Amino acid sequence: MENDIHGKVRAYVYVVEFQKRGLPYAHWLLIMKRKYKITCPEQYNLLISAELPNKKYPELYKMVTKHMMHGPCGVLNPNCPCTKGRTSCKNRYPQPFCDSTSQGKDSYPVYRRRDDGRKEMIRGHTLDNQWVVPYNPYMLRTFNCHINVEACTNIKSVKYLFKYIYKGHDRASVAVRKAGKKDDKGNVDEITQYKEARWVTPPEAMWRIYGFDLSKNHPPVEQLQLHLQDMHMVIMNKQDKVERVIKRPRVEESMLTAYFDYNRIHPEAREILYRDFPEHFTWNSTDKVWQPRKNAVYKVGRLVSAHLEEGERYFLRVLLNHVAGPTAYMDLKTIDGVLLPSFREAAEMRGLIEEDNTLDECLNENSLFQMPSSLRRLFATILVFCEPNDVSALRTKHLDAMSEDYKRDNPNPTLVEQTSGKCCNL
């Protein structure tokens, strides 16, 4: 990050997980500045290798054979964890030979794996370039450990990383049984005997005791509040009296209302969208005001999500993402001097939504950061509450995103879809 080994990094995110052996394992995503993005197969080959190196580099060769050889699995070792219970390796090894690197249909490129005759005895089997896990020679040579390096050219790679951040801790289910612990009819009370436990190994315990980061992202993200008029959230303790809470100074203010106030007082800020405000201003949570940013720290703003079922709050979010400089809620509803009765009508008049376009955009946006199971639930909600005109076309367009988890386990899934009225089973 400091020496720009692979180029200048614009943003990054990482998360640390602890495997069953107890060792920490880090997942990193580097987003490069435009000038340093890899855009063609020739550039892939400069940074990533999926072949055994030349033996004239003995130290690198030793590290590749020690750390970066997958398996053996499949027919060579059916008991390997990646093959157990399957007909083939879930990671698709051995990979086919390939004379040149190309961009694949999935989330990662098809790396160059030449049939150059290089082979090595690994764990009792002779393996070649088909079994090499993609790596960066510089990083492998520097750290001498397993470091899988991939070129992420698809949003699927980003979702894979964030899945590790939000999936929670590993858990173990423990069933406690005591001999003779039955009722008069001989039945066992399974509920009282079932306990849920976290899987915490000594390395993870020490990691937490010392306060090391488990995840981090740069630049930081400012979560922007989104609410209808006079419906923002107020935090209070359970012992506080409501009368005292509503008399707090500026209790009626929020990030959004302060954004309106700043636009009203400072016309020069009216060219900035709400989502871009944190790049130029900082939020003072004590005084509840936006202040011009004095430091050079880059910050990304993101409006909290709004579900299509929420109606006006969702359409308010659509307007805030496209209309700059409003000084009040009414400004967002006003088109050519005419005050419209709802945010939905205002969004339609501005051309931001049209018929089912809003449903399509909702699914498109959520497919960037939600897992397939969540998308399927959202799609079912749209069918029940939003009454789209062309259900079949909407389903067909987003079927790939909604069935990613099926494709991961089975490259050629056969899904049965039934669409009838307002019900849809995938």
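Buried means under 20% relative accessible area, exposed means over 50%, and partly exposed lies in between (1.4 Å probe, protein chains only). These legends describe a predicted model: local features need pLDDT of at least 70, side-chain atom pairs count only at pLDDT 80 or more, and totals for chains, interfaces and linings use all residues. Residues are numbered from 1 along each chain as its sequence is written, and side-chain values use heavy atoms, with hydrogens and water left out.

**Figure 1. Overview of the protein.** Of its 426 residues, 36% count as buried. The protein has 16 helices and 15 strands. Helices (H or I, at least four residues) and strands (E, at least two) are DSSP runs, numbered from the N terminus. Contact means heavy atoms within 4.5 Å. Among contacts between residues at least 6 apart in sequence, 58% join residues at least 24 apart.

**Figure 2. An open sheet of three strands.** The strand order is S2-S1-S7, and the pairing is antiparallel. Two strands pair if DSSP finds at least two bridges between them. Strand S2 (24-32) and strand S7 (215-218) are the edge strands, each pairing on one side only. From one strand to the next, the twist averages 10°. Axes are lines fitted to C-alpha atoms, for helices over the stretch in contact, and angles run from 0 to 180 degrees between N-to-C directions. Strand S1 (residues 9-18) is joined to S2 by nine bridges. Opposite Tyr-12 stands Leu-30 in S2.

Figure 3. Rings of Phe, Tyr and Trp (its six-membered ring) pair if their centres lie within 6.5 Å; planes under 30 degrees apart count as stacked, over 60 as edge-to-face and the rest as tilted. The whole structure holds 16 aromatic pairs. In one of them, the ring centres of Phe-18 and Trp-207 are 5.8 Å apart and the planes stand at 80°, so the pair is edge-to-face. Phe-18 lies in strand S1 and Trp-207 in helix H6 (residues 202-209), 189 residues apart, so the pair links distant parts of the chain. Phe-18 is buried, at a relative accessible area of 7%. Trp-207 is partly exposed, at 23%.

**Figure 4. Aromatic residues around helices H8 and H9.** Tyr-259 and Phe-277 form an edge-to-face pair, 4.9 Å centre to centre with 85° between the planes. Tyr-259 belongs to helix H8 (residues 255-265) and Phe-277 to helix H9 (residues 277-280), 18 residues apart. Both Tyr-259 and Phe-277 are buried. One aromatic cluster takes in Tyr-259, Phe-260, Tyr-262, Tyr-274, Phe-277, Phe-281, Trp-283, Trp-290, Tyr-329 and Phe-343.

Figure 5. Nine of the 11 residues of H8 are buried, so the helix is largely enclosed by the rest of the structure. The buried residues are Met-255, Leu-256, Thr-257, Ala-258, Tyr-259, Phe-260, Asp-261, Tyr-262 and Asn-263. Their cover includes strand S8 (221-224), H9, strand S9 (281-284), strand S10 (289-292), helix H10 (312-320) and helix H11 (329-333).

**Figure 6. Strand S11 and its partner S8.** S8 and S11 pair in the parallel sense over four bridges. Leu-303 in S11 is the bridge partner of Leu-224. Side chains alternate along strand S11 (residues 300-303).

**Figure 7. Helix H14 against helix H15.** The axes of helix H14 (residues 372-385) and helix H15 (residues 391-402) come within 10 Å and cross at roughly 170°. H14 is therefore roughly antiparallel to H15. Angles under 35 degrees count as roughly parallel, over 145 as roughly antiparallel, 65 to 115 as roughly perpendicular and the rest as oblique. From H14, Pro-372, Leu-375, Arg-376, Phe-379, Ile-382 and Leu-383 meet Val-391, Leu-394, Arg-395, Ala-401 and Met-402 in H15. By class, this contact has nine nonpolar, no polar and two charged residues. Ala, Val, Leu, Ile, Met, Phe, Trp, Tyr, Cys and Pro count as nonpolar, Asp, Glu, Lys and Arg as charged, and the others, Gly among them, as polar.

Figure 8. Asn-366 sits in helix H13 (residues 357-366). Asn-366 is buried, with a relative accessible area of 9%. Leaving aside neighbours within four places in sequence, Asn-366 is in contact with Leu-375 and Leu-378. Asp-405 sits in helix H16 (residues 404-409). With neighbours within four places in sequence left aside, Asp-405 is in contact with Pro-372, Ser-373 and Arg-376. Asp-405 and Ser-373 are 32 residues apart in sequence and 8.1 Å apart in space, C-alpha to C-alpha.
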